Amino acid sequence: MDANFNFFPNWRRDDGQISLAGEDGGIGFHVDSYDVFLVQVSGERNWTVELDFLSENEEIDRLDSRHDVRILRPPNSPKRTVSVTLKPGDMLYLPPRIPHCGTAITPDCMTLSVGFRSPSASEMLSSLAEEIGERVRSGSSSDERYSESNPDDLLENASRGLLTRTSSEVCKRILL
């Protein structure tokens with residue numbers, strides 16, 4: 001699988017899943033928070049794909065309360081959807097947060113789903129903060145604290161709210 005999806009960097013690779021379904025089988029409308037490639041291995045599956053991204057708040061509003069998993073009620077406006085039938089060897093790409101529903105057409109339906117992380121800005125910043133925290137805790141500088149090395153710089157720039165070049169260099173040294 002790595003050779004077929006090497007156009008994504010390794011850190012984005014998340015998972016691969018096989019979905020087996022009999023005729024008319026499927027899980028219903030849902031969204032994924034990552035890039036997904038759906039590869040039809042055997043049989044045929046029809047995909048209904050909405051053309052608009054769904055925010056997390058919109059997803060919560062559309063959750064079908066009859067299920068314990070995050071299945072959505074069908075879309076209100078079917079004209080904002082497309083229908084695609086995959087046959088063995090066909091592939092469909094779905095960007096993050098696009099609602100979709102796959103239904104098996106044949107009794108021997110097998111689909112490979114390959115997912116790639118698509119982190120939000122807040123997820124990336126949280127991970128970066130965790131990584132920096134780990135480096136600081138495990139390094140020799142974990143007890144080092146920031147202090148102004150040149151009080152004149154502090155006084156000169158404090159009224160303008162600026163971080164001096166020297167202050168920036170001290171921060172870099174402590175953190176990295």
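Helices (H or I, at least four residues) and strands (E, at least two) are DSSP runs, numbered from the N terminus. This is a predicted model, with residues numbered from 1 along each chain as its sequence is written. Local features need pLDDT of at least 70, side-chain atom pairs count only at pLDDT 80 or more, totals for chains, interfaces and linings use all residues, and side-chain values use heavy atoms, with hydrogens and water left out.

**View 1. The whole protein, from one end to the other.** Starting at the N terminus, the elements run β-β-β-α-β-β-β-β-α-α-α. That gives 4 helices and 7 strands. The protein has 176 residues, and 33% of them count as buried (buried means under 20% relative accessible area, exposed over 50%, partly exposed in between, with a 1.4 Å probe and protein chains only).

**View 2. A look into the largest pocket.** Its volume comes to about 340 Å³. The lining has 20 residues, and S19, I27, H30, W47 and S113 are the closest to the centre. (On a 1 Å grid over the protein atoms alone, a pocket is an open set of points where a 1.4 Å probe fits, with protein on both sides within 12 Å along at least five of seven lines; lining residues have an atom within 4 Å of a point. Grid points are joined across faces, edges and corners, and the volume is the space filled by probe spheres set on the points.)

View 3. The top giver is β1, with 5 residues. Sorted by class, the lining holds 9 nonpolar, 9 polar and 2 charged residues (Ala, Val, Leu, Ile, Met, Phe, Trp, Tyr, Cys and Pro count as nonpolar, Asp, Glu, Lys and Arg as charged, and the others, Gly among them, as polar).

View 4. The structure holds 7 salt bridges (a side-chain nitrogen of Lys or Arg within 4 Å of a carboxyl oxygen of Asp or Glu). One of them pairs R117 with D14, their closest N and O atoms being 3.7 Å apart. R117 sits in strand β7 and D14 in strand β1, 103 residues apart, so this pair links distant parts of the chain. R117 is partly exposed at 37% relative accessible area, and D14 is partly exposed at 36%.

**View 5. A buried pair, E50 and R62.** Here the closest N and O atoms of the salt bridge are 2.8 Å apart. E50 belongs to strand β3 and R62 to helix α1 (residues 56-62), so the bridge ties together parts 12 residues apart in sequence. E50 is buried, with a relative accessible area of 9%, and R62 is buried too, at 14%.

View 6. R66 counts as exposed at 69% relative accessibility, whereas D64 counts as buried at 9%. Salt bridges that share partners also join E59, R70 and R97 into one network.

**View 7. A nonpolar patch on the surface.** I18, L20 and V41 make up this patch, and together they have about 300 Å² of accessible area. (Patch residues have over 30% relative accessible area and no salt bridge, and nonpolar side chains, meaning Val, Leu, Ile, Met, Phe, Trp and Tyr, are joined within 5 Å; accessible areas come from the Shrake-Rupley method with a 1.4 Å probe, and for residues only the protein chains shown count as cover.) V41 lies in strand β2 (residues 34-42) and is partly exposed, at 41% relative accessible area.

Technical notes. Patches are made of residues with over 30% relative accessible area and no salt bridge: like charges are joined within 9 Å, nonpolar side chains (Val, Leu, Ile, Met, Phe, Trp, Tyr) within 5 Å.
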